[in-house]
Amino acid sequence: MSIIIEDISKVFAKDTGREVAALDKLSFAIEEHEFVSIVGPSGCGKTTLLKIVAGLVKPDTGQIKFSGGQKNPSAVIVFQDQGLLPWLNVLDNVGLGLELKGIPKATRRTQVLEFMFRFRLDGFESHFPHELSIGMRQRVALARAFLTNPDIMLMDEPFGALDAQTRLILQEELLHTWRAEQNTVLFVTHDIDEAILLSDRIIVLSDRPGKLQTIIPIPLGRPRELTLKDQPTFTSIRQQIWKLLEPEVRKELKLT
Amino acid sequence: MKNSLRKMIARYRENLITLALILGFLLIWELLARAGLVSRIIFPAPSRILVLFFANLAAGKYTRDMIVTFSRVFSGFLIGGGSALVLGLIMGWSTRIRRVLDPIVAALHPIPKFALLPMVIILFGIGESSRIAMVSIGSFFPMLISTMVGVLQINPTYYEVIENYGASRLDTFRKVVLPGSLPFIIGGMRLALKSALTLTIGVEMVFGNSGLGRVLWLSWETMRMTDMYSVLLIVSIIGFGLTWSLESLKKFLIPWHQEVRSAE
């Protein structure tokens, strides 16, 4: 599933009457089976963009086009946290997408258990989200998203709340799963290393309102491993992105 | 052995102090009454009250009135609390309906419900329906407001999650609105039951043909103090029992809730 993002703008009206521009005439395209990350300073409308692609938020201008003129492809969001329903146990949380599709309980159970095994969540069927670590909760969220096999996977800083070590492990796990599933992925992150490690291309956005700054292709082969981070190509891309982002982050912090 | 006893005491220290306070109070009362330092007619010795209380209870003296009071509490709770539950869910979920009805609720809620008695009698007559109406009104507002707040405090992300997976309105209700507000609904049930009990006893006191409130008032009018204290004891036991059963219901219905709050 390829996605064309065309001229998207969005302004939010605050309760105080002040208007906040989140996105400004943003256009870019994502190929089928491509893994694209979006980096940018806080508040540059990254999350809003994901919600627009998912159809949860209507843009003020512009449109999202999908390959083959398809109107409503399945696009599943993986949230940073709070994405699991606290009143459902792990089994029901993972099966939520299938349940809402109307898949009967018995069929669903088999599929859910298979995916729980794949994400090494077996044995935690009857646990509630609050009984799990954040890292495990995010694995539950990933299992739930991959289980519905969506055309597009929208990830909103899924590892943002994790400690650095857990984050590395889950990045590897995501790479591994994605290699098998090959969904088209749009991945929002603050973490430059994470973006380079995972993506085929990185979209760099400017400070609010989010405008396209640069698109950086990542010329690293796949499958990738964590050791890539020490390679000169990797470090030079990291520097290149930071040079682009630093002034934007300073702007956002009012440090210029 | 000694150690484990010490641990037990440490663990239940507050409960032991509570118990000691109550027993100390009763002991002083008992001594004052026996020594004749307080009027034995107005403050009969607690031991005497308890003996008569159990004797009367065993003889079934209060049984009929207990049943009457209980059924009033429950019918009022079911009618008032039930309709408040439905309306509270609607008002919590729909911003538009909330905007229309919220000012009306805000205007009616602060009225002391007992002050409505004359109006209710005019509307429903001097009969059982007036009593039930009063108890229903008493249960209605605490339930309505708790339920509405319960829906409003649900994290908006949960709605996005479920909408993202293509949920219908009914799905959203079943999977997010109802379970998400359940802790507050149970809290509202607790307040509504307490309010129903208060209103029932009050209404029975001023215009009742039967019920514990009636017994309470009659015993005061005829200076049968042991009866009065017995009824007070029964009413507080009923109140305690209702709270306790709701707490147990909570553990059963929302096992995910207790720890969520302690984890935050």
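Author: Let us begin with the polar contact, defined as a pair of N or O atoms within 3.5 Å; within protein, one must be able to donate a hydrogen and the other to accept it, and residues adjacent in sequence count only if both atoms are side-chain atoms. A case is B:Ser139, whose side chain has a polar atom 2.8 Å from the backbone oxygen of B:Val135. As to conventions, this is a predicted model in which local features need pLDDT of at least 70 and side-chain atom pairs count only at pLDDT 80 or more, whereas totals for chains, interfaces and linings use all residues. Residues are numbered from 1 along each chain as its sequence is written, chains are lettered from A and ligands numbered from 1 in the order in which they are written, and side-chain values use heavy atoms, with hydrogens and water left out.

Reader: Where does B:Ser139 lie, and is B:Ser139 buried or exposed?

Author: Helices (H or I, at least four residues) and strands (E, at least two) are DSSP runs, numbered from the N terminus. B:Ser139 belongs to helix α7 (residues 128-152) of chain B. Buried means under 20% relative accessible area, exposed over 50%, and partly exposed in between (1.4 Å probe, protein chains only). B:Ser139 has a relative accessible area of 0% and is therefore buried. Contact means heavy atoms within 4.5 Å; not counting residues up to four places away in sequence, B:Ser139 touches B:Gly76, B:Phe77, B:Gly80, B:Gly81, B:Ala192, B:Ser195 and B:Ala196.

Reader: How does A:Ser74 read by these terms, and what does A:Ser74 touch?

Author: A:Ser74 is in the loop between β4 (61-66) and β5 (75-78) of chain A. Its relative accessible area is 32%, so A:Ser74 is partly exposed. Its contacts, again leaving out residues up to four places away in sequence, are A:Asn149, A:Pro150, A:Asp151 and A:Ile152. A:Ser74 and A:Pro150 are 76 residues apart in sequence, yet their C-alpha atoms are 5.0 Å apart in space.

Reader: How many salt bridges does the rule give over all chains?

Author: Side chains of opposite charge can pair when their charged atoms come close. A salt bridge is a side-chain nitrogen of Lys or Arg within 4 Å of a carboxyl oxygen of Asp or Glu, and the count over all chains is 24. In one of them, A:Arg120 pairs with A:Glu173, the closest N and O atoms being 3.2 Å apart. This pair links distant parts of the chain, 53 residues apart: A:Arg120 is in the loop between α4 (105-118) and α5 (134-147) of chain A, and A:Glu173 is in helix α6 (residues 164-181) of chain A. A:Arg120 is exposed at 54% relative accessible area, whereas A:Glu173 is buried at 11%.

Reader: How far apart in helix α8 of chain A are A:Lys251 and A:Glu248?

Author: They are 3 residues apart in that helix (residues 232-252), and are therefore separated by about one helical turn. A:Lys251 is partly exposed at 41% relative accessibility, and A:Glu248 is buried at 8%.

Reader: Finally, how is the interface of chain B and chain A described, and how much area do they bury?

Author: The size of an interface is often given as the accessible area lost when the parts come together. Buried area is the accessible area (1.4 Å probe) that two parts lose on being put together, summed over both. Chain B and chain A bury about 2,100 Å² between them, 67% of it on carbon and sulfur atoms. On the side of chain B, B:Tyr158, B:Asn164 and B:Tyr165 lose the most area to chain A, together 36% of what that side buries. In residues, 19 of chain B are in contact with 22 of chain A. The rule finds 2 salt bridges across this interface; A:Lys51 forms a salt bridge with B:Glu160, with the closest N and O atoms 3.0 Å apart.
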